[in-house]
Amino acid sequence: MQKTFIKYTVAIVTSAILLILFINFLLSRRTLENQQFNTFHTKIEQVIHTLENNRMELALIKENLDEDYLIRARAAAYVMDRQEEIVTDVPQMQYLARLLNVDELHVIDENGIIAYGSVSEYIGIDMADHEQTSPFLDLLESEEEDAYLIQEPQPNAAEDKVMQYVGVARKSQKGVVQVGFVPERQLEAQSRNTYDYIFSRFPMDVDEELFVLDRSTGEVLGHSGSMEQAFTEECYQLESLLQCMKGAYQKGADGRKRYVVSRSYDDVLICAALPADVMFRKLLENTFHTLIYLLFVEAAVILLLYCLVKWKVTDGIHHILENLSSITDGNLDTTVEVGGNREFEKLSGGINTMVKSIINLSDRISAIIDISGIPLAAYEYGSGEEHVFATSGIGKLLEIPTEKVTELCRNADAFDRYMCWITRDAVEGEEDVYRINDMKYIRIHMSESQKRKLGVITDVTTDMMEKSRMRYENTHDALTRLYKYRHFQQLAQERLEKMQPEKVCAVVMLDLDYFKGINDTYGHDVGDRYLQSFAAVLNAMPQEHFLTARRSGDEFCMMIYDCDGRADVAAYLDEFYRRLGENIVVLSDTEERIISASAGFAWTADANEELSALLSRADEALYEVKKTTKGTYGEY
């Protein structure tokens with residue numbers, strides 16, 4: 001009986017496991033494909049949104065610049081009509097071009113010849129000789145008083161240099177005034193609107209690719225990797241990709257199948273692809289792990305059943321079945337009581353224990369977690385359910401009292417809202433990490449299906465504090481707590497690039513006077529205290545205008561930014577030296593000293609200025625101060 005029972009049990013359980021695995025694999029595969037389709041659809045939507053934004057930006061830039069260029073051209077014509085002598089003088093024309101902030105300025109006479117201009121090499125060019133210049137001849141024949149022509153950026157006739165020209169008809173005599181500009185902003189905006197540039201800004205998963213095809217020719221116009229590919233595989237052919245609007249598999253390089261999603265936009269086809277083996281690798285791994293777990297469960301179940309049969313389960317079987325039937329119907333309070341022999345008593349106790357363990361499953365898992373010593377908690381709930389399954393450690397990890405945990409676990413909707421509130425903002429630079437308070441960080445791994453939500457919470461406070469400490473040590477000087485010089489350069493460059501128009505900033509290089517003598521006379525401990533006292537004055541300056549750092553030894557630097565002018569910079573430096581003069585350092589029991597420091601600064605109102613050039617000029621100013629006065633500051 002035992003062998004027959006076990007044989008059939010093994011066959012049935014094994015078949016059930018294989019069927020469960022197969023069904024789970026099919027469902028998981030479909031879910032995986034849906035998730036990948038949604039991911040690709042979102043990325044393609046982001047590409048389209050970026051393209052539309054870039055086009056709007058380019059159109060707006062062109063509209064604004066065309067209007068500005070036309071105003072400058074008319075201003076040039078107005079000046080020439082009233083001061084004819086400027087026209088014949090090349091230096092005067094060059095001065096007028098600089099005054100109007102244009103790159104080129106020409107006067108075309110009634111014969112269509114460039115008679116005068118700021119670029120002497122262009123004088124004498126016949127406008128009728130080139131397709132770029134000839135359209136301006138129409139202005140000579142126009143009857144309109146305010147006739148003008150605004151060309152698109154294109155290579156010019158003289159040097160094949162990309163320029164944009166604007167021409168207006170002269171009013172005092174027959175002729176055309178033409179101004180030329182290097183279209184830097186348009187070209188820059190156009191470069192940001194290329195597919196390769198847009199793809200380079202998108203985060204891509206391993207082996208994932210984005211590409212664009214021309215819908216009329218099938219030519220690949222852009223690729224997230226590079227354009228140095230043959231693109232002969234099936235997954236790059238237009239006819240195949242048109243069938244991938246809802247996601248489909250196509251052959252790629254080396255016969256590898258790729259899951260491809262495509263979408264039409266204007267006259268192009270935007271596609272996203274990922275090798276199928278990459279997409280299904282994790283699914284296969286999870287299926288294999290599930291198989292291993294189920295085999296262990298099967299072995300445990302078979303062993304238990306073998307023991308039950310071996311214990312000669314005959315007497316009282318009907319009583320046990322009645323009790324089990326009651327339990328199955330949902331009466332978990334039923335107690336199985338079977339006497340008569342020791343084996344059945346143990347069986348009854350085992351069944352009762354099993355029922356209690358089901359009821360107290362949360363407590364059992366919590367006990368296992370507590371024994372392991374790992375700061376871990378888990379929760380699970382489904383749609384339509386009121387109760388939330390949660391381990392006991394969840395309150396401690398979320399920093400909420402036991403009463404609050406009990407209240408939330410009795411209402412799945414309230415629990416879901418609370419978890420959404422907790423996970424509203426992740427810690428910057430970290431995946432699934434959230435801050436509970438200044439001293440507590442947790443990581444929440446969540447798995448969500450249509451009907452259930454499962455989450456695992458772990459305490460990562462130690463890791464986050466260690467990362468914070470390492471970041472601080474990497475960017476700050478250990479003695480003075482000021483920024484390190486390299487990090488200062490990075491922050492200063494960012495502030496310089498973001499400087500608003502009509503604002504100025506300054507770079508200041510500082511050097512302590514007579515510091516070597518203090519070190520030699522009073523020792524390095526006093527020298528360190530001297531440096532820290534100086535650093536304290538630097539740190540006390542307004543943080544919204546000052547960026548401070550230790551360069552090396554007794555050399556320091558700072559950036560004074562967001563100032564209205566050079567006078568503001570000087571005022572901040574005066575305030576700094578005033579505070580420095582009030583800061584007295586005790587050198588010994590009998591001697592005190594006010595810190596003496598020399599400084600040199602260089603300032604700029606140009607956001608395109610190189611930081612290295614400012615630092616170099618400030619160094620030169622510091623050198624001059626050290627040679628002459630000391631104890632004060634000088635300007636480059």
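Reading aromatic contacts and a hairpin

Me: In this predicted model, is Tyr249 buried, partly exposed or exposed?

Reply: Tyr249 has a relative accessibility of 25%, so it counts as partly exposed; the cut-off for buried is under 20%.

Me: How is a pair of aromatic rings described?

Reply: Two quantities are used: the distance between the ring centres and the angle between the planes. By the pairing rule, the model has 18 aromatic pairs. In one of them, Tyr249 and Phe280 have ring centres 6.3 Å apart and planes at 25 degrees, so this pair is stacked. The cut-off for that label is under 30 degrees.

Me: Which parts does the pair of Tyr249 and Phe280 tie together?

Reply: Tyr249 belongs to strand E9 (residues 248–251) and Phe280 to helix H7 (residues 276–310), so the contact links parts 31 residues apart in sequence. Phe280 is buried, at a relative accessible area of 12%.

Me: Which residues form one aromatic cluster?

Reply: The members are Phe534, Phe556, Phe576, Tyr577, Phe601 and Tyr633.

Me: Where does the charged end of Arg424 sit?

Reply: It is over the ring of Trp421, at 4.4 Å from the ring centre. Arg551 lies over the face of Tyr485, with 5.3 Å to the ring centre.

Me: In what sense do strands E1 and E2 pair?

Reply: In a regular strand, side chains alternate between the two faces of the sheet. Here E1 (residues 104–108) and E2 (residues 114–117) pair in the antiparallel sense over three bridges. Tyr116 in E2 is the bridge partner of Val107. The two strands form a hairpin with five residues between them, and Gly112 in the turn has a positive phi of about 80 degrees.

Technical notes:
Residues are numbered from 1 along each chain as its sequence is written. This is a predicted model: local features need pLDDT of at least 70, side-chain atom pairs count only at pLDDT 80 or more; totals for chains, interfaces and linings use all residues. Side-chain values use heavy atoms; hydrogens and water are left out. Two strands pair if DSSP finds at least two bridges between them. Helices (H or I, at least four residues) and strands (E, at least two) are DSSP runs, numbered from the N terminus. Rings of Phe, Tyr and Trp (its six-membered ring) pair if their centres lie within 6.5 Å; planes under 30 degrees apart count as stacked, over 60 as edge-to-face and the rest as tilted. Buried means under 20% relative accessible area, exposed over 50%, partly exposed in between (1.4 Å probe, protein chains only). A charge sits over a ring if NZ of Lys or CZ of Arg is within 6 Å of the ring centre and within 35 degrees of the ring normal.
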